[in-house]
Amino acid sequence: MRSMTGFSESTLLKDDIEFKCISKSLNSRFLEINVKLPVNLKGHEGWIREYVQKNFTRGKIDVDIFFTAPPKEQLRISDSFLKLIKENESRVKKHGFDVAPSTYSELLKIRDSIQKDYVLKDSSLRDLIKRSLIRLRRTRETEGKATKADLERLIASMNKSIKSIKKMEKINSKQIHKKLNRFKTALEADQKEINISEAFATLNKTDINEEIVRLSSHLDLVAKLIRSNKAIGKKLDFYTQEMQRETNTISSKALIAEIKNESVELKVLIEMVKEHAQNVE
């Protein structure tokens, strides 16, 4: 099980230039990929997207690549650059134009405007990006383990609630029979024939055994689901909807307050599972 939230970064130092890849992911119903690259690396966006699609199924994933030079490098003006400036100034003067002295800050601006982007070999770039995305996957797996442990705790609590409802279902059935007997007595007192269809309809409206069986079945499937290594978020969300529906039906059908109260507790647990479903891949 993997969470949909995570963060990682990888760095590579080359010629005093630090290249960095930051990968992060947030919750999303689908897989959303956002890749930010320097202009000279735009051609790599295609394979980066393909790599993300092969390794992730859900989440909003951002991959950001940039490079920075250390302060001493950013403020340094090379001798070759200064020589080039002087040569061009001399050529301009030969054509009869005056050239005003350049300040240090102006030289830095000129250098930055014409300086080529730093480049990496394709193999080094791929290694940098893959390391970041592999770490991102691991952080999602680590958080997923914590989520799995909490889901197992919630499932245990839900099973306990269902067992309590099963025990109270016998009391609920007695209440149903009492209701039917009163119904029968009232009809006999009025010297009317018993309407079998109406009697069965009354019985069905208060019998919760079928809902308990379905609820238990859904919970068993959820328990199996969280033990699998596949993406489970969407299926888990679906099962929580089904369990919520069965629990609502049990609460509305039950004739005794104890079952209704236990149903409320059960719905709280289901909502907590549903929150987890929104956060796992």
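Helices in this description are DSSP runs of H or I with at least four residues, numbered from the N terminus. By that convention, serine 251 belongs to helix H8, which covers residues 233–253. The model is predicted.

**Helix H3**

- Helix H3 comprises the 16 residues 79–94, and at 1.5 Å a residue it should span 22 Å; the distance of 23 Å between its end C-alpha atoms agrees with this.
- Phe81, Ile85 and Glu89 are the buried residues named in H3. Because they cover an arc of only 75° around the axis, they lie on the same side of H3.
- Asp79, Ser80, Lys83, Lys86 and Lys94 are exposed and sit on the face of H3 that is turned away from its buried side.

**Serine 251**

- Serine 251 has 15% relative accessibility and therefore counts as buried, the cut-off being under 20%.
- With neighbours within four places in sequence set aside, serine 251 contacts Lys260 and Ser263.

**Salt bridges at arginine 214**

- Side chains of opposite charge can pair when their charged atoms come close.
- Arginine 214 forms a salt bridge with glutamate 211, where the closest N and O atoms are 3.6 Å apart. These two residues are 3 residues apart in helix H7 (residues 209–226), so about one helical turn separates them.
- Arginine 214 also forms a salt bridge with glutamate 246, with the closest N and O atoms 2.8 Å apart. Since glutamate 246 lies in helix H8 and arginine 214 in helix H7, this pair ties together parts that are 32 residues apart in sequence.
- Both glutamates are buried: glutamate 211 has a relative accessible area of 5%, and glutamate 246 has 6% relative accessibility. Arginine 214, in contrast, is partly exposed, with a relative accessible area of 31%.

- Arginine 245 and glutamate 242 meet through their side chains in a salt bridge of 2.6 Å, N to O.
- Arginine 245 is partly exposed, at a relative accessible area of 44%, whereas glutamate 242 counts as buried at 17% relative accessibility.
- Arginine 245 and glutamate 242 are 3 residues apart in helix H8, which means that about one helical turn separates them.
- One network, joined by salt bridges that share partners, includes Glu210, Glu211, Arg214, Glu246 and Lys253.

Note on methods. Residues are numbered from 1 along each chain as its sequence is written. This is a predicted model: local features need pLDDT of at least 70, side-chain atom pairs count only at pLDDT 80 or more; totals for chains, interfaces and linings use all residues. Side-chain values use heavy atoms; hydrogens and water are left out. The expected span of a helix is 1.5 Å times one less than its number of residues. Buried means under 20% relative accessible area, exposed over 50%, partly exposed in between (1.4 Å probe, protein chains only). The arc is that of the directions from the helix axis to the C-beta atoms. Contact means heavy atoms within 4.5 Å. A salt bridge is a side-chain nitrogen of Lys or Arg within 4 Å of a carboxyl oxygen of Asp or Glu.
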